[in-house]
Amino acid sequence: MSASPARLVVLVSGSGTNLQALLDACGESGYGAEVVAVGADRDGIEGLARAGRAGVPTFVQRVSDFDSRAAWDEELARVVEGHRPDLVVLAGFMKLVGEAFLAAHGGRTVNTHPALSPSFPGMHGPADALAYGVKVTGCTLFVVDAGVDTGAIVAQTAVAVSDDDTEATLHERIKGAERVMLVDAVGRMAREGFIVDGRRVRFGRTADPQ
Ligand code: GRF
């Protein structure tokens, strides 16, 4: 990516605490990125309010406003493209992006998932980890592909499960780790660049890990 701040488009569906962490980091000199737009698949969420308070333009694309999921996906890809992103960050965006989106933004779209991939993909990472009885779970940042939480892994952080955890307490603890991981990894992607080599992701601009 270039010497000017990397342009981030962030997509959200909920409370937007991960978005807030990015907005706060982007306000620090030397972070190397700026949030140029925030998009959502629904109205009335705190994530959009956070963007509004930060003076960042927002857009909403509801699946129900389109004839098909594919039409929604194409329009989402087009609107995101209009903001000329270097990186698209799905931060609690509760929709799978489709073919058109990946054709336009694949390779520069990352998603954060509240489990340690490849364990517990899908919508219920913390609950599934708790039900399985694992003692360690965590969060994963990955480059989005056509699967469900299957993309090449950029960063992971482990989080211990406590005996008295509920889904809510565990998810809250994971989200704390997730925000730190997201800010750190997105900043490095912005400042150092990154290379996706099969399933391996490396920071930096040269293919050679030496
Ligand atoms: C995060 O744990 C994310 O991984 C999951 O939903 C949560 C979103 O939290 N998909 P927030 O909206 O960033 O507060």
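Modeller: The largest pocket has a volume of about 740 Å³. A pocket here is an open set of points on a 1 Å grid over the protein atoms alone, with protein on both sides within 12 Å along at least five of seven lines, and a lining residue has an atom within 4 Å of a point. For the volume, grid points are joined across faces, edges and corners, and we take the space filled by probe spheres set on them. Of the 34 lining residues, Gly92, Phe93, Met94, Thr112 and Pro114 are the closest to the centre of this pocket. Helix 1, strand 5, helix 5 (125-132) and helix 6 each give two or more residues to the lining, and helix 6 gives the most, four. (Helices, H or I with at least four residues, and strands, E with at least two, are DSSP runs numbered from the N terminus.)

Before going on, a word on the ground rules: this is a predicted model, where local features need pLDDT of at least 70 and side-chain atom pairs count only at pLDDT 80 or more, while totals for chains, interfaces and linings use all residues. Residues are numbered from 1 along each chain as its sequence is written, and side-chain values use heavy atoms, with hydrogens and water left out.

So what takes up the space of the largest pocket? That's the ligand; to count as sitting there, a molecule needs more than half of its atoms within 2 Å of the pocket's grid points. Around the ligand are 13 residues, and Ser15, Gly16, Thr17, His171 and Glu178 come nearest (near means that a heavy atom lies within 4 Å). Helix 6 (167-192) shows up again, along with helix 1 (17-26) and strand 5 (109-113): each supplies at least two residues of this shell. The largest share, three residues, is from helix 6.

Now zoom in on the polar contacts, meaning pairs of N or O atoms within 3.5 Å. A polar side-chain atom of Glu178 is 2.3 Å from a ligand oxygen. Gly16 brings a polar backbone atom to 2.8 Å from an oxygen of the ligand, and the side chain of Asn18 has an N or O atom 2.8 Å from a ligand oxygen. On its own the ligand would expose 370 Å², and the protein buries 90% of that (areas by the Shrake-Rupley method with a 1.4 Å probe).

Methods:
A polar contact is a pair of N or O atoms within 3.5 Å; within protein, one must be able to donate a hydrogen and the other to accept it, and residues adjacent in sequence count only if both atoms are side-chain atoms. On a 1 Å grid over the protein atoms alone, a cavity is a set of points where a 1.4 Å probe fits but cannot get out, and a pocket is an open set with protein on both sides within 12 Å along at least five of seven lines; lining residues have an atom within 4 Å of a point.
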